[in-house]
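Visitor: I'm new to this one and would like to learn how to read its features. Could you walk me through it?

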Amino acid sequence: VKFNLKQEADSTSNLKKILLKMKSDKPKEKKKLFRMKAGGVTIDNMSFRYNKYVIQDREGVNFTDLEVSDFYLKTRDLSVIGDSIMLKIDDITLKDKSGFMLNSLSAGQFAISGSGIYLDDLRIISHGSDVDMEKLYFLSGNWQGYKDFLKDVRIESVISDSQVAFL
């Protein structure tokens, strides 16, 4: 699976343009809250590209020009209710074109909604780093808060005995 997401200078993305073309002009009916449950999801050997047309020459992972390969994801106990997603992450591994390799990321509980991103019992292993966190929360208050992440998102975390390599 390959997925290419591009964000223009005006903040519109190629995905948003496609979704807007598919949008109906008919008035929306009041619908029941969307619900879905699954025993788990596995994605193996996926590639992902994200380009935001901002020139940034920097070392390490460039979050405005990502190119992820060998992406592997294994989850369980997936639940979607409305705009909220909850699941357990057994493992995520990936490589970025910068050379960064995520050897393993797991979380006893992961949730995302308009109020925030919540990771409990998080463990991250990469080259020279082994980070163990009781919790890592990105609190936004609403979905719009993610637009200016550095300004509008508050981070809460509890970090256990860990090693971090600053390479």
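Visitor: Is Tyr-137 buried or exposed, and how do I tell?

Guide: Look at its relative accessible area, and keep in mind that this is a predicted model. Tyr-137 comes out at 17%, and because the cut-off for buried is under 20%, Tyr-137 counts as buried.

Visitor: And what about Tyr-118, how accessible is that one?

Guide: Tyr-118 has a relative accessible area of 22%, so it is called partly exposed.

Visitor: How do I read the way two rings sit together?

Guide: A pair of aromatic rings is described by the distance of the centres and the angle of the planes. The count here is three aromatic pairs. One of them joins Tyr-118 and Tyr-137: their centres are 5.1 Å apart and their planes make an angle of 70 degrees, which is edge-to-face. This pair links distant parts of the chain, since Tyr-118 sits in strand E6 and Tyr-137 in strand E7, 19 residues apart.

Visitor: What kind of pair do Trp-143 and Tyr-146 form?

Guide: That pair is tilted, with 5.7 Å from centre to centre and 50 degrees between the planes. Trp-143 is partly exposed at 38% relative accessible area, whereas Tyr-146 is buried at 18%.

Visitor: Now the inside. Which residues touch the most other members of the largest nonpolar core?

Guide: First the general idea: in soluble globular proteins, nonpolar side chains tend to be buried together. In this model the largest nonpolar core has 23 residues, and Phe-71, Ile-89, Ile-92, Leu-119 and Leu-122 touch the most other members. At least two core residues come from each of strands E3 (65-81), E4 (84-96), E5 (101-113), E6 (116-126) and E7 (129-139). E3 gives the largest share, five residues.

Visitor: What does Leu-122 touch?

Guide: Leaving aside residues up to four places away in sequence, the neighbours of Leu-122 include Leu-105, Ala-107, Val-131, Met-133 and Leu-136. Ser-106 and Asp-132 are also among them.

Visitor: How do I take in the chain as a whole?

Guide: Start with the elements: there are two helices and eight strands, running β-α-β-β-β-β-β-β-α-β from the N terminus. Then look at burial: 29% of the 167 residues count as buried. The chain exposes about 12,100 Å², with 55% of that supplied by carbon and sulfur atoms. Finally, take the contacts between residues at least 6 apart in sequence: 44% of them join residues at least 24 apart.

Note on methods: Residues are numbered from 1 along each chain as its sequence is written. This is a predicted model: local features need pLDDT of at least 70, side-chain atom pairs count only at pLDDT 80 or more; totals for chains, interfaces and linings use all residues. Side-chain values use heavy atoms; hydrogens and water are left out. A nonpolar core is a set of buried Ala, Val, Leu, Ile, Met, Phe, Trp, Tyr and Cys residues joined through side-chain atoms within 4.5 Å. Buried means under 20% relative accessible area, exposed over 50%, partly exposed in between (1.4 Å probe, protein chains only). Helices (H or I, at least four residues) and strands (E, at least two) are DSSP runs, numbered from the N terminus. Contact means heavy atoms within 4.5 Å. Rings of Phe, Tyr and Trp (its six-membered ring) pair if their centres lie within 6.5 Å; planes under 30 degrees apart count as stacked, over 60 as edge-to-face and the rest as tilted. Accessible areas come from the Shrake-Rupley method with a 1.4 Å probe; for residues, only the protein chains shown count as cover.
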